[in-house]
Amino acid sequence: MRATSSEVVDVDLSVELGPLRLSNPIMPASGCFGPELASLLPLERLGALVTKTVFTAARSGNAAHRLTDSGSGSALNSVGIPSPGAASFRSQVLPRYSAHGTPVIVSIGGLAVDDYFSIADELSMAQFAAYEVNVSCPNLERGGISIGADPDQVYRVTRGVVDRAAGRPVIVKLTPNVASVDETACAAEEAGAAALTVANTFVGLAVDLRRRRPVLGNGTGGLSGHGIKPLVLRLVWEASRAVDIPIVGCGGIATTGDVAEFLVAGATAVQIGTATFSRPTTMAQMLDELPTQLTDLGCRRVADLVGSLQA
Amino acid sequence: MMLQPLAAEIPSRILPVCIDAPVLGNQYVSDRYWMLRLDAPEIATGVRPGQFVLLTPSQTPGEGPSLPRPMAVYDVDRADGAIDILYGVVGSGTTQLTRFRPGDRMTAVGPLGRPFEPPSDATRLLVVGRGIGICSLTLLARERAERGHAVTVLLSGRHRGAIIGADFCDAVGVHARQLCDEDGSSDVESIRRLLVEQYDPAPPDFVATCGSKRLLALCRDLGRRWTCEVQVSVEAHMACGLGYCHGCAAGEVGRDEESPLVCATGPVFRVS
């Protein structure tokens with residue numbers, strides 16, 4: 001339901017992720033978004049646009065199948081982060097994101113620590129608002145999972161990208177596939193991260209009973225969607241208490257109520273991924289409803305709700 | 001088998017829309033097949049043969065299947081602004097689709113993907129479909145028949161009750177031959193003999209197929225024999241339908257470049 005002026009007075013949706021000021025806390029999750037959505041969703045209304053993860057060299061994704069439904073509003077994917085490579089990204093892809101006047105957050109990835117430095121060097125002259133460092137994709141054969149699960153490696157990658165970021169804020173997207181998210185969160189903070197995205201997908205497996213084989217071509221995949229929401233809310237809550245930098249909540253957010261829950265649990269902003277697949281207009285609907293949601297909760301600003309969980 | 005993307009530019013493409021379309025009808029047809037009719041003038045206006053829509057099985061965000069289901073547009077009533085979707089019930093998502101009743105609304109995104117692109121001078125079409133794959137071919141058969149082209153349709157299925165599209169072809173005046181596994185008539189070599197006999201004297205200038213790898217291989221062979229264009233509509237699991245998620249690509253390990261996307265580069269590909 002669209003908020004009306006009689007119900008909602010002067011609700012301030014703006015948020016700050018370190019030095020990055022956004023008009024509102026709603027942005028897409030990397031990999032679940034592209035400028036192709038422009039005909040279905042007003043991209044200029046979003047708080048930020050987050051690109052698919054870019055690698056230095058062009059790379060293919062994984063073997064088919066790459067997707068399967070997991071019930072409970074969830075999906076398992078093993079897309080595997082195909083990338084056009086840094087040069088094509090700069091010349092062909094980034095301009096399509098930048099065309100909407102919304103702050104662009106470029107997600108970068110690598111198969112080894114030095115890869116992150118290479119891509120940051122290659123993108124240093126490009127125009128965009130911030131980095132999101134993807135240390136946590138579970139689909140890669142090497143790199144992603146081990147870097148994101150090791151606090152020392154998270155520190156090294158974060159530090160190196162911060163040093164090459166030309167003053168841009170660096171957001172680090174953590175993996176949930178760790179015993180303690182506090183350790184990797186603190187490592188990223190100590191290395192100079194401006195904010196943390198909590199979190200990437202959970203590693204999962206779908207079984208094809210008849211064939212006695214994994215459903216996905218890559219074997220395992222990343223679980224996303226509404227079914228993981230309680231798991232991620234807990235991670236956001238823990239991470240927000242472990243560090244002083246802002247948290248971007250990501251995982252299972254499908255409704256405006258979910259957005260509010262993540263804010264209460266400690267997120268300053270949120271990312272929407274799987275919900276966009278079933279309804280491409282999801283983020284616009286959340287922006288329509290958020291002022292009313294905040295008003296109903298007695299808040300005039302997003303910041304009034306952030307971290308207000310009484311526990 | 002090589003599948004080639006069609007030409008780079010999509011002729012006169014309209015941008016997809018996302019609508020909560022009123023359900024006009026949703027009825028059991030036969031075997032595992034159901035027919036859904038949506039009031040979707042924004043899609044009906046521009047949809048072309050071979051294009052598809054994404055249907056969201058759950059109207060409650062965060063509940064039920066998370067991925068929308070790609071469905072070929074079986075038929076369109078451009079005057080009334082309605083589209084028909086013939087779908088097979090095979091899993092949780094399509095089971096949920098059967099629960100929609102007239103008056104409900106269903107989230108639909110479309111039209112999506114590349115349509116069939118017969119050569120501009122093609123007037124003799126052979127259309128070969130099996131099972132649910134026939135749904136990607138019906139609109140092509142109808143629109144070409146309405147232009148006065150010679151269209152022959154082969155409809156293959158597991159058994160008589162599982163052959164779809166026969167009534168449709170009758171209604172639009174297209175000659176359709178039904179083939180099924182239970183009487184052996186769908187055997188590929190039998191079909192090959194039948195088509196060679198019928199078409200060798202005057203081959204078709206365009207072949208369209210969907211729904212069977214064996215029939216695709218047959219169409220490829222016959223296309224080479226007759227030196228005519230063959231195009232196939234490919235099925236895949238999808239999430240975005242627009243090309244940004246890359247969930248539908250048939251990726252190959254070790255390649256430097258991403259494979260063609262079924263949703264945006266396809267679903268129709270040239271067979272060579």
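1. Two residues are in contact if their C-beta atoms, placed from the backbone, lie within 7 Å. In chain B, 66% of the contacts with a separation of 6 or more join residues 24 or more positions apart.

2. The model is predicted: local features need pLDDT of at least 70, side-chain atom pairs count only at pLDDT 80 or more, and totals for chains, interfaces and linings use all residues. Residues are numbered from 1 along each chain as its sequence is written, while chains are lettered from A and ligands numbered from 1 in the order in which they are written.

3. Chain B contains six helices and 14 strands (DSSP runs numbered from the N terminus: helices are H or I of at least four residues, strands are E of at least two). The C-alpha trace spans about 55 × 45 × 35 Å along the principal axes of chain B. Of the 272 residues of chain B, 51% are buried (20 or more other C-beta atoms within 10 Å of the residue's own; exposed means 12 or fewer, and partly exposed lies in between).

4. Between the chains, 40 residues of chain A are in contact with 36 residues of chain B. On the chain A side, the elements that give two or more residues are β5 (67-71), β6 (74-77) and α8 (274-278).

5. Gln153(A) belongs to helix α4 (residues 151-164) of chain A. This residue, Gln153(A), counts as partly exposed because it has 18 C-beta neighbours inside 10 Å. Leaving aside neighbours within four places in sequence, Gln153(A) is in contact with Val113(A) and Ile147(A).
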